[in-house]
Amino acid sequence: KQWYQRRVAITAGVMTVMLVHLSLSSDLKIVSNPLNRSAPAPCALTCSGVSKHDDTDTYYAWRSIGSKAVKYIDTKECAFVTHPVVIATVRGYNCPPVSIWGIYDNLFEAVAGEDATSGQMTSNKCDVFWIATGYNC
């Protein structure tokens, strides 16, 4: 019985060390970005979010520009110091896919890939799900 308790204690200790190591290390590596800037590995950051179809801040609401619906997506809380690499997709009812037009330190522009109005994107509950990878120092 004692050998079993010792083995459990050693296993628990090893697992604790592994978990601490995993929580302190980062495997994130940014190979390239829109401005070809680099920073030390600890500065690499992945940030994600959802921009809702019914955003109450009119600056970040769906808007029509020509025949396209456009939505500015706020990334301020990520605190990027360079333009990140952004991937976005849309979820809702009969929502067209989006493309990324402009990428800046604090926001990016998602544009409906088909002719769609801001009203359609809002009424179809088209939320933009996004992931951005960049540097925060």
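Modeller: Let us go through the elements, the sheets and the salt bridges in turn. This is a predicted model, in which local features need pLDDT of at least 70 and side-chain atom pairs count only at pLDDT 80 or more, while totals for chains, interfaces and linings use all residues. Residues are numbered from 1 along each chain as its sequence is written, and side-chain values use heavy atoms, with hydrogens and water left out.

Colleague: What makes a stretch a helix or a strand, and how many of them are in the chain?

Modeller: Both are DSSP runs, numbered from the N terminus: a helix is H or I over at least four residues, a strand is E over at least two. By that rule the chain has two helices and seven strands. Starting at the N terminus, they follow the order α-β-β-β-β-β-β-α-β.

Colleague: How do you know that β1 and β7 are paired?

Modeller: Two strands pair if DSSP finds at least two bridges between them. Eight bridges join β1 to β7 (residues 127–135), so the pair meets that rule, and the two strands run antiparallel. One of the bridges puts serine 51 together with valine 128 in β7.

Colleague: Which sheet do they belong to, and which strands are its edges?

Modeller: They are in an open sheet of three strands, ordered β1-β7-β4 with antiparallel pairing. β1 (44–51) and β4 (85–91) are the edge strands, as each pairs on one side only. Direction ignored, neighbouring strands here are turned by 10 degrees against each other on average.

Colleague: Why are β2 and β5 called edge strands in the four-stranded sheet?

Modeller: That open sheet has the order β2-β3-β6-β5, again with antiparallel pairing. β2 (63–65) and β5 (98–103) each have a single partner strand, so one side of each is left without a neighbour in the sheet. The twist from one strand to the next averages 35 degrees.

Colleague: What joins β5 to β6?

Modeller: Four bridges join β5 to β6 (residues 107–112), and the strands run antiparallel. Serine 99 stands opposite valine 111, and isoleucine 100 faces alanine 110.

Colleague: Why is the meeting of aspartate 127 and lysine 52 called a salt bridge?

Modeller: A salt bridge needs a side-chain nitrogen of Lys or Arg within 4 Å of a carboxyl oxygen of Asp or Glu. For aspartate 127 and lysine 52 the N to O distance is 3.3 Å, so the pair qualifies. It links distant parts of the chain: aspartate 127 is in strand β7, lysine 52 is in the loop between β1 and β2, and they are 75 residues apart.

Colleague: Are those two residues buried or exposed?

Modeller: Buried means under 20% relative accessible area, exposed means over 50%, and partly exposed lies in between (1.4 Å probe, protein chains only). Aspartate 127, at 6%, is therefore buried. Lysine 52, at 41%, is therefore partly exposed.

Colleague: How many salt bridges are there in the whole structure, and which residues form the other one?

Modeller: A search of the whole structure finds two. Lysine 76 and aspartate 74 form a salt bridge too, with their closest N and O atoms 3.7 Å apart. Lysine 76 has a relative accessible area of 45%, so it counts as partly exposed, and so does aspartate 74 at 31%.

Colleague: What share of the chain is buried?

Modeller: Buried residues make up 32% of the 137 residues in the chain.

Terms used:
Axes are lines fitted to C-alpha atoms, for helices over the stretch in contact, and angles run from 0 to 180 degrees between N-to-C directions.
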